[in-house]
Amino acid sequence: MYTILYTILLLGGVGAFAALALFLTAKQFHVQEDSRIGDIEATLPNANCGGCGYAGCRQFAEACVSAGNLENKRCPVGGDAVMSQVAGILGIEATSGSPQVAVIRCAADCAKRPTTNTYDGAKNCKIANALYIGESDCPYGCFGYGDCKDSCQFGAISIDPETGIVSVDPEKCTACGACAKACPRHLIEIRHKGPKNRFVYVACSNKDKGAVARKACEAACIGCTKCQKVCEWDAITIENNLAHIDGDKCRMCRKCEQGCPTKAIHAVNFKPLER
Amino acid sequence: MKTFKIGGIHPHDNKLSAGRRFEQVPVPKEVIIQLNQHIGAPAIPIVEPGEEVKVGQLIAKANGFVSANIHSSVSGKVSKIDTITDAWGTRQQAIFIDVEGDVWMPDIDTSCKFKPTCNLSAEVIKQKIADAGIVGLGGACFPTHVKLNPPKEHAIDTLIINGAECEPYLTPNHRLMIEKGEEIMVGVQILMRALGVDRALIGIESNKQDAIDELDRIAARKEGIEVIKLKKKYPQGGEKQLIQALTDREVESGQLPSSVGVVVQNIATVFAVYEAVQLNKPLIEMYMSISGKEMEQNGNFCARIGTSVKDVVAMIGGMPENTGKIIAGGPMMGKAMIHIDTPVTKRTTGITFISAKSAPRFKASACIRCARCIQACPMGLEPYLLYKKALRQDWDFMEAHHIMDCMECGCCTFTCPSRQPLLDYIRVGKATVANNIRARKSNEK
Amino acid sequence: MKKLISPAPHIHSGDSVTRRMGYVILALLPAWGVSLWQFGLGALLVTAISVASCVLFEFLIQRFLLKKASTIGDLSAIVTGLLLAFNLPSNLPWWIIIIGALVAIGIGKMSFGGLGNNPFNPALVGRVFLLISFPAQMTSWPLPNQGFMHYMNAETGATPLAKIANGSLNISLNDLLIGQTGGSLGEVSAIALIIGAVFLLATGTIRYYIPVSILGTAAVFTAILHACGIGTDVLTQLLTGGMILGACFMATDYATSPMTKLGQIIFGVGIGIITVLIREFGIYPEGMSFAILIMNAVTPLLNRLTPRRFGAPKKKKQ
């Protein structure tokens, strides 16, 4: 009989003591926090991808609350829908940004870009980039070892096992920019995407002179300026023998794509051109 | 026998060309002299296309303190200054010279007479070395005059000469010690003069007994120079390892060798110093070995800088058909080249051919935590851990675990039974951490 | 022909996991030979069943559960099977061995991600599981030298350790050395085990820190206890039971032992002390397996000890 009593008393006592200790500790170390931080965090996608420039969603929420405005703050993953909710929590006007997508500015497979050697090191773009030019003669192109793919949290990047070409799925891409940071050759650009996930871009980053670039790769932009001449919207600039289409100015008329002699200009989610 | 204390491995030394005398490679019809042949800023060309140059004439000036002069290795006419693609696909600026005759600068002593005495002052010696464009010829190519001017607060008492040549296959230093022993000893004395020290230690690994005997014989006549036999162990030629093996002093992490009162120079550098100071001959020739197990013939060659590597290899019948990998330097730290159609530079200490059969890497399996890499690491690091953290991109952890101490000797990858590419990833980590440190420092400023 | 390009180094020692495991297997063969001589058919069957089922389970788990490439080629499953068999009595029923193998490979190894990721020595996990689940079968050791054709029908008797525990040991050191005693398969002959250990040391497969620190600690600790009038003498302590087998073959398992010299020494000292404590004061006559498993659990902590670093700044005297 006493055994049961002692047991109950002892265990009850230990429990009560622990509860008191926990209560006092919580009281002592309580941190007053703006409840809006938690609210904003809850509306965010909580992917912690760092696409906003902060370490994670929590830090982004803290920054929003402490600044009180949304200047230069945008969650690329959540897009306008999430940002208007965040603005609602903060009680301010939402600003809308244009939807964006990551594009890889190289589209050379082995058929277009002959290899001059075989890479036998660890399959990692950073290692290869620190070592040498790569398997072809193009010092700017994609290695295809998938640093970007590994960095993508949303499974948007895939590598074609046949051709080795790396491609981004515009449906899944949130334009968080992790891949752009991971690419040691800076091939990935975060750019505007139009309705129906459509966009037109130059799928090449080769800054060599036309002849050199062409010799290394059939699909290289040779800086011939044909696209620039044909563009009615003044969206195309050519610098260092390389064309670039400004995503904000481009109206996606595809005239440049039609004229490109090396087919370096790609239009995504359009029907194939009749040439 | 002396050696360093932590780690190290014993790869087969494969010194196939050790028994062959240096042969002079004929002067080619055209040389291509790169402007970036050293650590530091590339040199600035001071000749124009169409200009006539003589052998030994300065054609590109050092750009700043950590840089080196570059001299013409031939006489003839500068045809152009243009971009070339080197053996790694990198674009480099280079001076092209069409060879006409072989006219040397008048102040260079071409009499082939041995000049044993040097009474010049330390300052004059250092200036001559800087003028001659001498860089560390162990492969790192750090300008020698910078090394000879250590920070003022470091008192130098010992000069160490690196004759370890621990890298498998390479033999130019070995041959130089045998064929140019007298000159090298004079070079050592000149360097002792330049540094104001009265003690020099020459460390040579035990697989070069003939070189040890030769230098020992000469050193007996000289004061303050001692030849020390070292156990054969890689990476004995690593600067910090060599200092520890010879003097038992340990250079602290992140410090220069001069912090323990030591300056280290390589054998080939010492010979270049002799030529520069005694003969006024700038660094225009490179001594190198060409070897490979599949070669019918291995050899050691002396070639003018700017000669095509292809021409040098042609001296022994060209590259073997079944070559799978061409390495500039030795197999432990050398760089694999895409082709041999590239000019000889101050970095060229040897070319090693590996057959297609033995060139591919082994397939990796999972780490079994056998700790071989820890045993092998001469810097006392934990390569397996750094490798795992590099995969996870935990750069701060790597920094805290002293990744900057890594000298990329390759012992860990060499010894790993799981055949993991440890060093490949550790290098990425090292580069990233170095960047982070630099960024932090510039932020502080 | 296109040239291969890879970062340095361009040569490899040629060492491989398979070779390391092969060396361990070779090193275990002398002791296995002694157990064949002593226990005959039983030893052969127990080993065969253990090795075969370990390899089979590894293959099946990798093929059908984990769906990744099989690694049975690296011989590590064979080593586990052999070590498990070495820790079993030679009259153990076949189905118990298979359960042991399943626990060793399935729980001890594969559930943690396979070779290199297991925190506990798989063979010992299997052995201890069996010891707890089937204490009667696991502690009835057949007597040696009963002729070849005995398996489950072998006559059984107490092991030297059990005899020490109940105070009735009368066995010569000679018998302990060459294995004229009862016991688990692999633990009977000290000499055969030492030959294997020397082979491992000579080939560089293991380093001497762990075996020496275990045996040294056990010897010193036993001597102290013996001087105080407790327990057995040093030589008997070292030569009986799984002391040498554990110290040279089980504790030195790569994945489950610390990686630095200092860590390995602490690890060995811990095993030595715990083993002697269990043997002298615990209810089990043998404590080696438990000691190793306990210290395996400490290994991640010991792995935080860093090796001596070249050029580490010396602590300045203040």
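E286(C) is found in the loop that runs between α13 (261–281) and α14 (288–302) of chain C, where helices (H or I, at least four residues) and strands (E, at least two) are DSSP runs numbered from the N terminus. This is a predicted model, in which local features need pLDDT of at least 70, side-chain atom pairs count only at pLDDT 80 or more, and totals for chains, interfaces and linings use all residues. Residues are numbered from 1 along each chain as its sequence is written, chains are lettered from A in the order in which they are written, and side-chain values use heavy atoms, with hydrogens and water left out.

With a relative accessible area of 13%, E286(C) is buried (under 20%, 1.4 Å probe, protein chains only). Among the residues E286(C) touches are R127(C), L161(C) and I278(C), contact being heavy atoms within 4.5 Å.

| Backbone nitrogen | Distance to a polar side-chain atom of E286(C) |
|---|---|
| G242(C) | 2.6 Å |
| M288(C) | 3.3 Å |

Now to the interface: 60 residues of chain B are in contact with 39 residues of chain C. The rule finds 3 salt bridges across the interface of chain B and chain C (a side-chain nitrogen of Lys or Arg within 4 Å of a carboxyl oxygen of Asp or Glu). D15(C) and R372(B) meet in a salt bridge through their side chains, at 4.0 Å from N to O.

Definitions and conventions. Buried means under 20% relative accessible area, exposed over 50%, partly exposed in between (1.4 Å probe, protein chains only). A polar contact is a pair of N or O atoms within 3.5 Å; within protein, one must be able to donate a hydrogen and the other to accept it, and residues adjacent in sequence count only if both atoms are side-chain atoms. Lists of a residue's contacts leave out its neighbours within four places in sequence.
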